[in-house]
Amino acid sequence: MGTTKGFKFREVLKNMGARSIIVSLLVFLLTVTLTCVVGFQFYRTTKENIHLQGEINAVHSAKEFDGYLLVRKNTVILAGHVVDEMMGEGKTNAEILDYLSAESLSIKKSIDKDYTGLYGWINGEYLDGDGWVPEEGYVPTERPWYRETIADEGEITFVRPYLDAQTKTVLITVAVKLADGKSVIALDITLSRVQEIAEEIAQQTPGSYGIVLDETGQVIAHSDGAQLGKNYLEETGTFGAALADRLFHEGDRQFELDYGRQKYMVFAESIGSDWLSVSLINTEVFYRPLMIIMSLLALFTLLEAVVFISVLYNQSAKNLAIASAEEAQSASRAKSRFLSRMSHEIRTPINAIIGLDSIALRDESISPGTREELNKIGASARHLLSIVNDILDMSRIESGRMELKEEVFSFREFLTQISIIVGGQCDEKGLRFVCDPVEPLDEYYCGDNLKLKQVLINILGNSVKFTDAPGTITFTVERTACTDEKATLRFTMADTGIGMDKEFLPKLFEAFSQEDTANTTRYGGSGLGMAITRSFVDMMGGEITVGSEKGVGTTFTVTVTLGRVQKHEEQPAAEEAPGDEAALEGKHLLIAEDQEINAEVLTDLLELEGMSSEWAENGKLAVELFAQSEQGHFDAILMDMRMPVMDGLTATREIRKLTHPDAASIPIIALSANAFEEDVQQCLQAGMNEHLSKPIDVDRLKETLGRLIGSKE
């Protein structure tokens, strides 16, 4: 066999000829050399970039902290000089307190809204510029801010973090000892802002951490909040201990640190004279693209060798390998395109269902039965939309980045939608559903009604699922506490279902928990519902409890606090609505919306109210249509926030800068699927007049158009 192979190889060489062999070998060697050079250059550039980025992060963070602390340090030093002069002039403590109060108010307005004021121990008396009166038993001279400052011989003292008696939060205090050696002026610094700076620094570079350590090794700020308050010098066998050993014992400021299977590049800069601003970069994050490139280059080199040998033996094998690789890449690209479109494709038909359902409900000729079914369709579609949104945002829940919405909602409609969904499920299964709201309850509340609704429907849905006919599902709502701004509501959901063993209740809210796996087959479910429910309740600062007895039933109690909405704030708009809405007849609007079906639904809704419209499929076209229109041609603009070519915020700014006679006065209303507070603020800052969330609430849209167009006229 070996003789046969050798014979074949010699035949190939003979047939190729010496010249072809030399050319092929040179090409192969040149390719390998080029691959090695490119790989080495890429490695060197990547490492230089890591060092440069780490140094930039460390220097930038140090400057950020220095700047933040310097303003407060200078404030305390200045206040100390002034009080020293006042004491030297024989001013009374009452006069000194007047100065501290005035200075505190001035600084609060110009530096920090969360600032608690200048305070101190002066001439044997505690003076507080913010007006705080200490509780009984509070001894200023025993507090850390006083003792550490008196003991310190430096110009300024940074007191180690401690629990503040006034704010009940962890603070760092900047203090200065006065000339008499017994008096102290102090100013508190909230760790929250220092923590924000550390997090901002970390977010600038993937795989990095921002840390601030004081001179004792205690963590003042950390982009990983779980590390706050730890003292790395007191730890052993941890990553923090290894870091502190290099920083404090060996005095290193730039070094590589291996811990476990991770490797970090560490860069440290001094803040003032005592603290350290530390930037850690996980080199794996930076080297991962490098390793991919190097792997590809190695694979390319190997492929060249295979190609070289294949040329000698069989050119067709090379072609087959290339074809297979192209097919695999094509399949991978198709999968990526499918996943990227999935979110958009799911939301679009749901929004269309909601819009078309609203249009159908405007037809007065439909029968009561049809109207009831349409109402159920609308309620179910809105609920489905909220579920889809939550599923697509699951990664944000797991990473702790899910945000709560703060919006005003009708509590009556809220309960009605729940009753329609759950009541329909009970009717289909032959169960009795009782919804019992206990007065007094407000007509409107402010909070994240979608997540709260999801919590309640998750629980009630489980009650329906695990209750056999003839059974009863009871849903009770009552107010347990109330102030002018907040109201605490308790939702009680009881069923007469199969119940649960008390031993299983502690595991109920764990992901994928099932008391009896046989129930999964009978009743269905993924085991995630209760885990998601618990997460939402925790995010809202609420509480959820459960009691159950096997064969008797289960009772869930959810307690949350919502914002109150004063009735008189809603009443004027309701009184003005009829006149304003009547004035909408014949108005002409510009719609900026990239989704055609959404634009069509919106156009139909406007036509039902006697209004006409023109459609621009992106922000750039909207700006052009408005700029080319005559004065008074458009009465208002409905602007989507997220569009290709040009988004809604940019389009609004461009419109407001135009010399068009209506550019400054035309009402621009934002339409957005997100209703977070930052979205509202961005819209208003861009020059929009109002922000409305999707799916579109027709009544609110009419009220807003009537108010803004009427105000313009």
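This is a predicted model: local features need pLDDT of at least 70, side-chain atom pairs count only at pLDDT 80 or more; totals for chains, interfaces and linings use all residues.
1. Burial terms first. Buried means under 20% relative accessible area, exposed means over 50%, and partly exposed lies in between (1.4 Å probe, protein chains only). By that scale Asp436 is partly exposed, with a relative accessible area of 38%. Asp436 sits in strand 12. Helices (H or I, at least four residues) and strands (E, at least two) are DSSP runs, numbered from the N terminus.

2. Residues are numbered from 1 along each chain as its sequence is written, and side-chain values use heavy atoms, with hydrogens and water left out.

3. Salt bridges, total. The whole structure holds 13 salt bridges. The criterion is a side-chain nitrogen of Lys or Arg within 4 Å of a carboxyl oxygen of Asp or Glu.

4. Asp442 and Arg564. Their side chains form a salt bridge at 2.7 Å, N to O. Asp442 lies in the loop between strand 12 (432–437) and strand 13 (444–447), and Arg564 in strand 17 (residues 553–564), so the pair ties together parts that are 122 residues apart in sequence. Asp442 counts as buried, at 12% relative accessibility. Arg564 is partly exposed, with a relative accessible area of 25%.

5. Arg490 and Glu478. This salt bridge has an N to O distance of 3.0 Å. Arg490 belongs to strand 15 (residues 486–495) and Glu478 to strand 14 (residues 472–482), so the pair ties together parts that are twelve residues apart in sequence. Arg490 is partly exposed, at 31% relative accessible area. Glu478 is partly exposed too, at 23%.

6. Thr488. This residue also lies in strand 15. Thr488 counts as buried, at 16% relative accessibility. Its side chain and that of Thr561 are joined by a polar contact of 3.0 Å. Such a contact is a pair of N or O atoms within 3.5 Å; within protein, one must be able to donate a hydrogen and the other to accept it, and residues adjacent in sequence count only if both atoms are side-chain atoms.

7. Helix 14. Asp538 and Arg534 both lie in this helix (residues 529–539), four residues apart, about one turn. Their side chains meet in a salt bridge at 3.6 Å, N to O. Asp538 is partly exposed, with a relative accessible area of 45%. Arg534 is partly exposed at 32%. Buried residues of helix 14 include Met530, Ala531, Ile532, Thr533, Phe536 and Val537. Gly541 follows the helix, with a positive phi near 70°.

8. Negative patch. Glu596, Glu600, Asp604, Glu607 and Glu617 gather in a patch of negative charge on the surface. Patches take residues with over 30% relative accessible area and no salt bridge; like charges are joined within 9 Å, nonpolar side chains (Val, Leu, Ile, Met, Phe, Trp, Tyr) within 5 Å. Asp and Glu count as negative, Lys and Arg as positive; His and the chain ends are not counted. The place of a charge is NZ of Lys, CZ of Arg, CG of Asp or CD of Glu. Accessible areas come from the Shrake-Rupley method with a 1.4 Å probe, and for residues only the protein chains shown count as cover. Glu617 is in the loop between strand 19 (612–616) and helix 17 (619–628). At 42% relative accessibility, Glu617 is partly exposed.

9. Gly632. This glycine lies in the loop between helix 17 and strand 20 (636–640). Gly632 counts as partly exposed, at 43% relative accessibility. Gly632 and His588 are 44 residues apart in sequence and 9.2 Å apart in space, C-alpha to C-alpha.

10. Cis peptides. A cis peptide bond joins Glu439 and Pro440, with omega about 5°. Pro440 is in the loop between strand 12 and strand 13. Ala469 and Pro470 are also joined by a cis peptide bond, with omega about -5°. Pro470 lies in the loop between helix 12 (449–465) and strand 14.

11. Asn123 has a positive phi of about 50° although it is not a glycine. Asn123 sits in the loop between strand 1 (119–122) and strand 2 (125–128). Asn123 is partly exposed, at 42% relative accessibility. Val645, not a glycine either, has a positive phi of about 70°. Its place is in the loop between strand 20 and helix 18 (648–657). Val645 is exposed, with a relative accessible area of 67%.
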